[in-house]
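Here is my note on this structure. Please read the points with the model open beside you.

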Amino acid sequence: MREDLSAQASESEREHADAEAWEEALGHVRSFALALPETSERLSHGTPTYFIRKKTFVQLWDDHHGDGRLAIWCAAAPGVQEQLVEQESARFFRPPYVGHRGWLGVRLDVDIDWEEVGGIIREAFLAVAPKRLADSLQSTEG
């Protein structure tokens with residue numbers, strides 16, 4: 001099924017992007033997101049989207065409405081979006097539609113630290129996960 005998602009996303013979202021960059025980003029984002037407990041992937045709004053049960057925590061976007069960005073949009077803890085956008089506006093942004101809820105946009109078409117992106121995806125998971133699931137993840141890591 002994952003290949004089907006990639007193929008569908010390829011046709012609907014990658015028309016303007018570098019295919020190699022898309023595949024690299026998709027591989028990393030998918031790996032980070034699906035390594036977390038009770039997560040799944042499916043297309044939503046034509047793009048790969050990652051869920052905890054039924055709640056979205058990260059989406060991978062390519063040139064959303066012609067914005068020219070390869071990026072993830074992800075849930076974030078209160079205040080994180082404002083802080084990161086203020087500190088590094090070349091890499092972080094307030095995404096449309098979900099930015100007003102504190103979600104963070106992270107550019108993947110600039111100098112990328114994939115470990116940092118993995119940490120951001122983990123934090124997005126923790127921002128959305130039910131408390132018991134988030135606590136169990138944190139206790140197994142700490």
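1. How do H2 and H4 lie to each other: roughly parallel, roughly perpendicular or oblique? They are oblique to each other. The axes of helix H2 (residues 19-34) and helix H4 (residues 114-128) cross at roughly 45° and come within 9 Å. Angles under 35 degrees count as roughly parallel, over 145 as roughly antiparallel, 65 to 115 as roughly perpendicular, and the rest as oblique. Axes are lines fitted to C-alpha atoms, for helices over the stretch in contact, and angles run from 0 to 180 degrees between N-to-C directions. Helices are DSSP runs (H or I, at least four residues), as are strands (E, at least two), numbered from the N terminus.

2. A word on the source. This is a predicted model: local features need pLDDT of at least 70, side-chain atom pairs count only at pLDDT 80 or more, and totals for chains, interfaces and linings use all residues. Residues are numbered from 1 along each chain as its sequence is written, and side-chain values use heavy atoms, leaving out hydrogens and water.

3. Now look at who touches whom. H2 brings Glu24, Ala25, His28, Val29, Phe32 and Ala33. H4 answers with Trp114, Val117, Gly118 and Ile121. Contact means heavy atoms within 4.5 Å. By class, this contact has 7 nonpolar, 2 polar and 1 charged residues. Here Ala, Val, Leu, Ile, Met, Phe, Trp, Tyr, Cys and Pro count as nonpolar, Asp, Glu, Lys and Arg as charged, and the others, Gly among them, as polar.

4. H4 also packs with helix H5 (residues 131-141), at an angle of about 140° and with the axes 8 Å apart. That angle makes H4 oblique to H5. Arg122, Phe125 and Leu126 of H4 meet Leu133, Ala134, Leu137, Gln138 and Glu141 of H5. The residues of this contact divide into 5 nonpolar, 1 polar and 2 charged.
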